[in-house]
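Hi,

Here is the structure I promised to pass on. Have a look at it first, and then read my notes below.

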Amino acid sequence: MVKIMNGSIQVKDLNVWFDQNHALKGVTFSIPKNEITAIIGPSGCGKSTFIRCVNRMNDIVPKCRVEGQIIVNGKNIYDPDVDVVEIRRRTGMVFQKPNPFPKSIFENIAYAPRIHRREEPSAKQKGEMVVKKYTKKELENLVEASIKRAALWDEVKDRMNKSAYDLSGGQQQRLCIARTLAVNPEILLLDEPCSALDPIATAKIEDLLVDLKKDYTVVIVTHNMQQAARVADKTAFFYLGELIEFDKTETIFERPKEKLTEQYITGRMG
Amino acid sequence: MATKKSVVAKRRRINDVLIHALLIVISLFAILVLAAVAIFLFLNSLPAFVSIDQWDFFTGTVWDPTNPVEPLYGIVPLLVATLVVTFLSALIAIPLGLGATIYLSEIAHPRIKKVMKPAVEVLAGLPSVMLGFFALTIFARFMWTAFLPWWQPSDYLNLFNGAVFLAIMMVPIMVSLSEDAMNSVPMSLKEASLALGMTRWETVWKVIVPAARPGIVAAMMLSIGRAVGETMVVVMATGSAPQLTWDPFSSGQPLTSTIAIEISEVAFNSTHYYALFELGLVLFAMTFALNYAADWAMRKYTERYQ
Amino acid sequence: MNRRNKERAFFLLFRGCAWVVALALMIIVGYIVVLGIGTISWEFLTQFPKKGFTEGGIFPAIVGTLYLVGLVMIIAVPIGVFTAIYVSEYKSNNWFGNLLRVVVNNLAGVPSIVYGLLGLGLLVFFVGWGFSLLASAFTLAFVVLPLVITASREAIQAVPSSLREASLALGTTKWQTIRHHVLPYSLPGILTGVILSISRAAGETAPILMTGVVFLKFTLPQNVWDTFQAMPYLLYSLSTQTPYDKTQDFQWGTALVLLVMVVAMNMSAIIIRNRYREKYKW
């Protein structure tokens, strides 16, 4: 797999409304590249809304209005001339409940790369990227590499053609991670990826994320504070649509600067 | 084959926009059809509005358009026939359908259910001409001779025959819609009632059915709409005498039947021809109103369970 | 009467209702099968009627019905499925989407004879197609369109949105998501709706009565502008316009052929739907 440029994310004054409900209020901070950043906060504080802005999944929600900027690699993803489909390819998302396609394991991973095809620098025109179809062998290699990177290969290598629905919850979730890795993203967004999984599966995924941060920027929404403390380099605390505090994880959990943060961490609210 | 990435992206965007536009254009067809029905019926009734006195049309008690001396276009006999046949069929189909529904959804053993539900669906699929045929050949004869020493219907083909077979067409509609309504009643209500020591019958009759009432009302409206609009069964079973009568055992000619029978005999562009279109307009208005009532009942039904 | 007895009585009554309905079906089907089976023969299915429907067969009516139904499907299925896709998948909180929803609901309630009038006035006369297979096919397509749209829409909406989101998050376009994920999994449901529509189209009489079907012709329809024969109309005409004692064999035979066609289609639709429910337990 081609080693890709990692992306940092700068959020500038992000405001989101669902009809009249002001869900995110003036959020501003920078997510560093090649680190795991956790987003924590009580239910309804806007964590999921925020993460869905980063890959513009909120576009498909009716009556959703977004103002402000999210800058990835120097470009604001909300600029009118930006290709949404391309944004979503470069920003992989893993959802709360594993959602593999009702296809074989192989097909689950191969689906998106087959449509996007692969990019290489053009031989003819400098600075332009060219799109080429994958050969069958290249596709097989890509699928294998993705599954290996998601720490799932040993468990599925003998049943690549079986239905993805036969896998356990934790395996399905790793499959979903492999699926997003196959399209070569720079950023990985995970929306409470372990909330439907048992502790052992959760541990496997947490280890995987720590490994993945070498090559990707990882943003994980979690309602489990211990999880944030375990894996995240930086943590952002949201409350009622506002970013209350963003700092190194140790700082947030041991010497929080804001009173609200301290109350949440110590369990006095949320 | 390698293509420039920017070209691919642009092509993809154009593709999506084109498809979106194509889908909108195709969807227009449905709107055009309904509009065409309303507009055309109206336009083709205009000549009738002009050449037939509308007061006489709606209050006249004789329908005799082919009378060489004085053609008469009173729709009262037709409306009365429609009313009688619909009323009778509803009288039969609604209790029957509701009873069958309660049986199927609350009482029946799963194995019986497995057989009966497809049976109801097969019943729903029987063409109306087939039911009309059966009414005409077997049922009419049965009614004519079965009670003989004591009583006989006034006419061989009569409104009652039509009503019975209309009821057979209405029952599957009643059953499937009422069943949906009853299944949507939350389990918690049922459990609360049983936990209070009510019998299953009391739970069904006093808790579930009232809770499902909007859906059941919608089912009734739609079934009645079906009865009003059904053609072949009434054409074949009720006889073709547009007489004004309230006797269900005499022949009658409901609205649909009139249109179907007389349309093949009219001259294009004659007053009679346009009068039939005006009948169509009346029919359309009636079923539209019933549909609207059903829709309103359904909306009340979904409101309850939000 | 104490409560237990009351329950027993009413439940017996309800069971009676269900059995009355089942009995009605059995009697009707029973008569048609018993009285019609004697007439069915290779000859009956492949020959033209002769001697005033006392000899020969109903071949032209069978062929006419098949042509008609084929045409109706070609018209109604693409339009119906694509309309259902639009209504379910594209943002429709605007005036167009709401109008479309109201329209589809009302189309289903229009009596088939009203569509017949439309077909007669608009297609036969105004547009000038004359009494023809094409006019009848379009008229029947109007009747059947709401069924196709509703069944397709339900099948499409049954596909869980988590699959759509997964596909979109991978960076595919809306249409790619629909083509590769939504449509394939809603196909069985759509198919069920299509089969039920075919069954309906095969049995309808009023719309075709006014737009192109004839009682007796000695040739098969040569093209779409030609008139044609069809089984439902044949049954209607035979039973209302010919003497029973002469043509009863043909009448019951036709009824049986029609019954078999319709029941076969309905049963296959039910089977497909049940197997599909088993397969895609989301």
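Predicted model: local features only at pLDDT ≥ 70, side-chain atom pairs only at ≥ 80, totals over all residues.

On the chain B side, 66 residues are in contact with 67 residues of chain C. The biggest share of chain B's side comes from helix α1 (residues 5-51), which gives 19 residues. Sorted by class, the side of chain B that touches chain C has 46 nonpolar residues, 15 polar ones and five charged ones.

Next, chain B by itself. It is split into domain 1 (5-51) and domain 2 (72-304). Their C-alpha centres lie 34 Å apart, and eight residues of domain 1 of chain B are in contact with eight residues of domain 2 of chain B. On the domain 1 side of that contact, five residues are nonpolar, three are polar and none is charged.

Then there's a sheet with strands from chains A and B. Which strands form it, and in what order? It is an open sheet of three strands, β7(A)-β8(A)-β1(B), with antiparallel pairing. At the edges you'll find β7 (118-121) of chain A and β1 (3-4) of chain B, each pairing on one side only. Strand β8 (residues 129-132) of chain A runs antiparallel to β1(B), and two bridges join them. If you want to find the spot, look for A:Val131: its bridge partner in β1(B) is B:Thr3.

Cheers

Methods:
Residues numbered from 1 in each chain as written. Chains lettered and ligands numbered in written order. Pairing = 2+ DSSP bridges. Helix = DSSP H or I, 4+ residues; strand = E, 2+ residues; numbered from the N terminus. Contact = placed C-beta atoms within 7 Å. Nonpolar A, V, L, I, M, F, W, Y, C, P; charged D, E, K, R; others polar. Domains from an automatic or database assignment.
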